[in-house]
Amino acid sequence: MAGQGNVAPIIIKRKKIIAGGGHHGGAWKVAYADFVTAMMAFFMLMWLLNATTEKQRKGIADYFSPSIPINRISGGGDGAFGGNSVFSEETQSQNGTGASSANPTEGRQARGQTGTDQGEDSNSNDTSAETLRDIEAQLMGKGGESPTMERALQHVVTRVTDEGLIVEIFDLPDEPLFAEGTDQPMPIMQDITAMLSEVFGLVTNGIAVQGHVRSYPITLRNSPVWDLSTGRAQRMRALLQQAGLPAGRFQRVAGMADRQLAVRNPMAGRNNRIELILLRTDL
């Protein structure tokens, strides 16, 4: 017993290990960064919806829409036509990677897109609609070329229907298209017709012209709506021909009087309008 008194005591240390403690890694940083990016995009979207007009929002939506090509003929520029003029079809029809539907490159021809046969192809409807949407995008893109074009496009709205591309030109409250009660065009019509003839000259589709006017008070003995709408449609046709469009492209010219109103109020000036229809070629 005496010999065991000098033995050093045995000390046992028990180390407690806590699972999950300490460094967690960087996964939470990635998740947080994604959250912040999503919130920034959300607030930017809310700001755009509040700070832009309806036409500007449509332009933004068209830019991100894959069904509307922004630049079918690419010349390397950053403008509406990618550095080319509206006559690139005639002078540089084989430039870029896609060229044009009328003069396709070998790559497009290899996919069966010859630009000439639209009769028996099962996708002919889609091809014609795509061409009309190209024209629509090029027309609306001309607003950035000059203040004059921007002012002229304030009178214009477009839509693609089963009949073709409808370009509606209408009165503004402070700037009518024609002198009140007559078919005499105002100066703004010269800018509009020059712009339309330039864009319509890119294709060979037929054109229909329809004149619409507002209603007049029923107390009038002879309402001028039929003669006035027909006269304005005829004057629009003449202006487009003077601007360079061939007379053979016009398929019909009609006056619709006040039978197809654009807004509910029949006497509103917004009902004074001209509709140009770029007719589809596959009907």
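A hairpin of three residues connects strand β1 to strand β2. The model is predicted: local features need pLDDT of at least 70, side-chain atom pairs count only at pLDDT 80 or more, and totals for chains, interfaces and linings use all residues. Residues are numbered from 1 along each chain as its sequence is written, and side-chain values use heavy atoms, with hydrogens and water left out. Helices (H or I, at least four residues) and strands (E, at least two) are DSSP runs, numbered from the N terminus.

Strands β1 and β2 (residues 164-170) are paired in the antiparallel sense, over five bridges. Two strands pair if DSSP finds at least two bridges between them. Val156 has Ile169 of β2 as its bridge partner. In general, strands of a sheet pair through backbone hydrogen bonds, either parallel or antiparallel.

The open sheet has five strands, in the order β1-β2-β5-β3-β4, and its pairing is mixed. The edges are taken by β1 (156-160) and β4 (250-255). Each has a single partner strand, so one side of each is left without a neighbour in the sheet. On average, neighbouring strands of the sheet are turned by 15 degrees against each other, direction ignored. Axes here are lines fitted to C-alpha atoms, for helices over the stretch in contact; angles run from 0 to 180 degrees between N-to-C directions. Helix α7 (residues 187-200) lies across β2, β3 (207-212) and β5 (273-279). The helix runs at about 170 degrees to β2.

Thr158 belongs to strand β1. Its relative accessibility is 13%, so Thr158 counts as buried. The cut-offs are under 20% relative accessible area for buried and over 50% for exposed, with partly exposed in between (1.4 Å probe, protein chains only). Leaving aside residues up to four places away in sequence, Thr158 touches Glu136, Leu139, Met140, Leu165, Ile166 and Val167. Contact means heavy atoms within 4.5 Å. With Glu136, the side chain of Thr158 also makes a side-chain polar contact, at 2.7 Å. A polar contact is a pair of N or O atoms within 3.5 Å; within protein, one must be able to donate a hydrogen and the other to accept it, and residues adjacent in sequence count only if both atoms are side-chain atoms.

Eleven salt bridges are counted. The rule requires a side-chain nitrogen of Lys or Arg within 4 Å of a carboxyl oxygen of Asp or Glu. One of them joins Arg270 to Glu168, with the closest N and O atoms 2.7 Å apart. Arg270 lies in the loop between β4 and β5, and Glu168 in strand β2, so this pair ties together parts that are 102 residues apart in sequence. Arg270 is partly exposed, at 25% relative accessible area, whereas Glu168 is buried, at 5%.

Arg214 and Glu180 form another salt bridge, their closest N and O atoms being 3.0 Å apart. Arg214 is in the loop between β3 and α8 (225-242) and Glu180 in the loop between β2 and α7, so the pair ties together parts that are 34 residues apart in sequence. Arg214 counts as buried at 15% relative accessibility. Glu180 is exposed at 58%.

A further salt bridge joins the side chains of Arg273 and Glu275 (3.6 Å, N to O). Arg273 is buried, at 5% relative accessibility. Glu275 is also buried, at 6%. Salt bridges link Arg159, Glu168, Arg270, Arg273 and Glu275 into a network.
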